[in-house]
Amino acid sequence: MNALRVTWLFFKVGVLNELQYRVNFVVQLFQSAIALTVGLVVLALVYSHTDELNGWSQPELVCVLGIQILMGGAIKTYIQPNMTRLIDDVREGKLDYALTKPEDAQVLVSVREVRIWQVVDLVSGSIVLGVGLSEISTGVGALDALAFAGALLLGGVMIYCFWLVIATVSFWVVNMWTVVELFDGVFQTGRWPVGIYPGWLRYSVTFLVPIAFAVTVPAEAVTSRLDWQTLVLAVGFAAVLFTFTRWFWRYGLRNYTGASA
Amino acid sequence: MTSQPVATELPAKLRESGRLRSLAVFYLATMRIAVQEQFQYRAANYFYMLGMVAEPVIYLVVWTTIAEQQGGSVQGLTAGYFAAYYIVWTLVRNMNIVFGAPFWEFRIREGELNKDLLRPVLPLHWDIAYFAGWKFVVILFWIPLAVGLSLVFDPTLDPRLLEVAVFAVAIWGAYLVRTMLQESLGMLCFWTTRGAAIFDLYMTTELLLSGRLVPLPLMPDWVENIARFLPFQYAFFFPIESLVGDLSNAELARGLLAQVLWILIGLAIFRFAWKRAIKRYSAVGG
């Protein structure tokens, strides 16, 4: 309960702080618009040469694009800023400030930052998803919608776990910056359903970097493709990953001796 | 009266040759420093390259999937062609990473430029020389990556000897074309602190019109026609196609000529902008 209150408080302060810089909103809007245009142009280009890609029609891939933008927005609003701050704090010896507070350290390091203008991507992703859905004739059932919400949430949790594991590694390895760049590149694989990738790559972006769970599985739910086995697998994998992450974070913390503070 | 510097008494021709010689020495020394410096950061260089590989691999998989769905090819381009195109793409992309426009913002904001201006050599020369030296390290690191990708994706690559030779020149042409475009664009930083939006627009235009996204023949005809009159494809599509495609000797020669032309145009724009920029400049920090 206390954890929730702390999260809310950090969120409020973070938002107030960001709201001071209003021009950033316009810049963000412009950059999101460009990224979205490119995404749609690429889809138009692909579907000018074919009617379906591995069984997915154009409106269905518009949905995938929407979900990828949406998930990317969530990552850049909340997950990535906190994790890069954690990596920075470890390197600069400032993590001690968080560790000495009387609250669970994992909660604290996960909620300290919020980049509220990135919410633009959350909104534009939702709009793109909506447009894509409106062009699919079959419509979305209540059960599909429920599965979609669940899969999206599970995907978010898994991406968070992935990032925290990476950030925890920075207790041992100093230069984790390149990994941040690596993630941005690999996350682009989510633009396309993972089914098109060759096996090694498909497994990598499913279990190593859980992009398939975060984007493709929700997209399968919303296009009535999802079978219950996949959803069960998502629940199971999320649970395992979360438990492992919690253990790994504590293991890392036990070995952490602090730098100069 | 007698205290004139010796240099001015030398014939103009001799002075000019001395200037060129010292510039050559400067280039060689800077390139050697770049090689030695960058060779220390092997892991960082590799991670960066790996992150970059995600992009072409995605394009490659998408277009291979389409080709296979349609019985082997899209507009006559086979899966093997796509594999070759995007594997060569990785080298060309590495070659055209240059001293980019955003670095100019950094250079001005952090006051780095003050130091550079005190040197008797234009900063441009350092940019070209340092990144050119770095390329030797990059090419060396790229080879195992290319071997790995070739084993996975099975490219069709059967170039003539002349095509290999043209490619070896064209990747350096691409490097210089993109250097001059980016340096010219960087001059905007002397007038605005919000260049990021413009650079984004540039990158997007380049992505669509250069062959970075797809081989240009896959684009609609009107896009291909626009791209013909723009420099972007000479830093991407032309070098790749010179090795992977079946260009005639005349087309190869025309491509190289176009590269030279765009380098000169870029240089002219840069000189024009630099003269005005440096008059405007007032130092920040230091």
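Predicted model: local features only at pLDDT ≥ 70, side-chain atom pairs only at ≥ 80, totals over all residues.
Chain B as a whole comprises 12 helices and 2 strands. Their order along the sequence is α-α-α-β-β-α-α-α-α-α-α-α-α-α. The C-alpha trace of chain B extends over about 85 × 40 × 40 Å along its principal axes. Buried residues make up 37% of the 286 residues of this chain. Among contacts in chain B with a separation of 6 or more, 81% are between residues 24 or more positions apart.

B:Arg212 is located in the loop that joins helix H9 (195-209) to helix H10 (221-228) of chain B. The residue counts as buried because 22 other C-beta atoms lie within 10 Å, where the criterion is 20 or more. Beyond its neighbours within four places in sequence, B:Arg212 contacts B:Glu206, B:Leu207 and B:Phe236. The C-alpha atoms of B:Arg212 and B:Val92 are 9.7 Å apart, although 120 residues separate the two in sequence.

Two packed helices are described by the angle between their axes and the distance between the axes. The axis of H7(A) and that of helix H3 (residues 58-92) of chain A come within 10 Å and cross at roughly 20 degrees. H3(A) is therefore roughly parallel to H7(A), given that angles under 35 degrees fall in this class. The crossing of H3(A) with H7(A) is right-handed. H3(A) contributes A:Met71, A:Ala74, A:Ile75, A:Ile79, A:Gln80, A:Met83, A:Leu86 and A:Ile87 to the contact, while H7(A) contributes A:Gly155, A:Gly156, A:Ile159, A:Tyr160, A:Trp163, A:Leu164 and A:Ala167. By class, the residues of this contact between H3(A) and H7(A) comprise 12 nonpolar, 3 polar and no charged.

H7(A) also packs with helix H11 (residues 228-255) of chain A, at an angle of about 25 degrees and with the axes 9 Å apart. This angle makes H7(A) roughly parallel to H11(A). Here the crossing is left-handed. On the H7(A) side, the contact is made by A:Ala147, A:Ala151, A:Leu154, A:Val157, A:Met158, A:Cys161, A:Leu164, A:Val165 and A:Thr168. On the H11(A) side, the residues involved are A:Leu231, A:Ala234, A:Val235, A:Ala238, A:Leu241, A:Phe242, A:Thr245, A:Phe248, A:Trp249 and A:Gly252. The contact of H7(A) with H11(A) consists of 16 nonpolar and 3 polar residues, with no charged ones.

A:Val222 belongs to helix H10 (residues 211-222) of chain A. With 25 C-beta neighbours inside 10 Å, A:Val222 is classed as buried. Its contacts, leaving aside neighbours within four places in sequence, are A:Cys63, A:Leu133, A:Val140, A:Asp144 and A:Phe148. A distance of 9.5 Å separates the C-alpha atoms of A:Val222 and A:Leu143, which are 79 residues apart along the chain.

The contact between the chains involves 24 residues from chain A and 26 residues from chain B. On the side of chain A that touches chain B, helix H2 (23-47) and helix H8 (177-187) are the elements that give two or more residues. The largest share of that side, 9 residues, is supplied by H2(A). The side of chain A that touches chain B divides into 14 nonpolar, 9 polar and 1 charged residues.

The 25 residues of H2(A) should span 36 Å at 1.5 Å a residue, and the distance of 37 Å between its end C-alpha atoms agrees. A:Ser32, A:Gly39, A:Val42, A:Leu43 and A:Val46 are buried in H2(A). These buried residues pack against H3 and helix H6 (119-135) of chain A, together with helix H3 (42-69) of chain B.

Conventions. Residues numbered from 1 in each chain as written. Chains lettered and ligands numbered in written order. Contact = placed C-beta atoms within 7 Å. Helix = DSSP H or I, 4+ residues; strand = E, 2+ residues; numbered from the N terminus. Nonpolar A, V, L, I, M, F, W, Y, C, P; charged D, E, K, R; others polar. Axes fitted to C-alpha atoms, helices over the stretch in contact; angles between N-to-C directions. Parallel < 35°, antiparallel > 145°, perpendicular 65-115°, else oblique. Left-handed = near helix turned anticlockwise from the far one by under 90°. Buried ≥ 20, exposed ≤ 12 C-beta atoms within 10 Å, placed from the backbone. Expected span 1.5 Å × (residues − 1).
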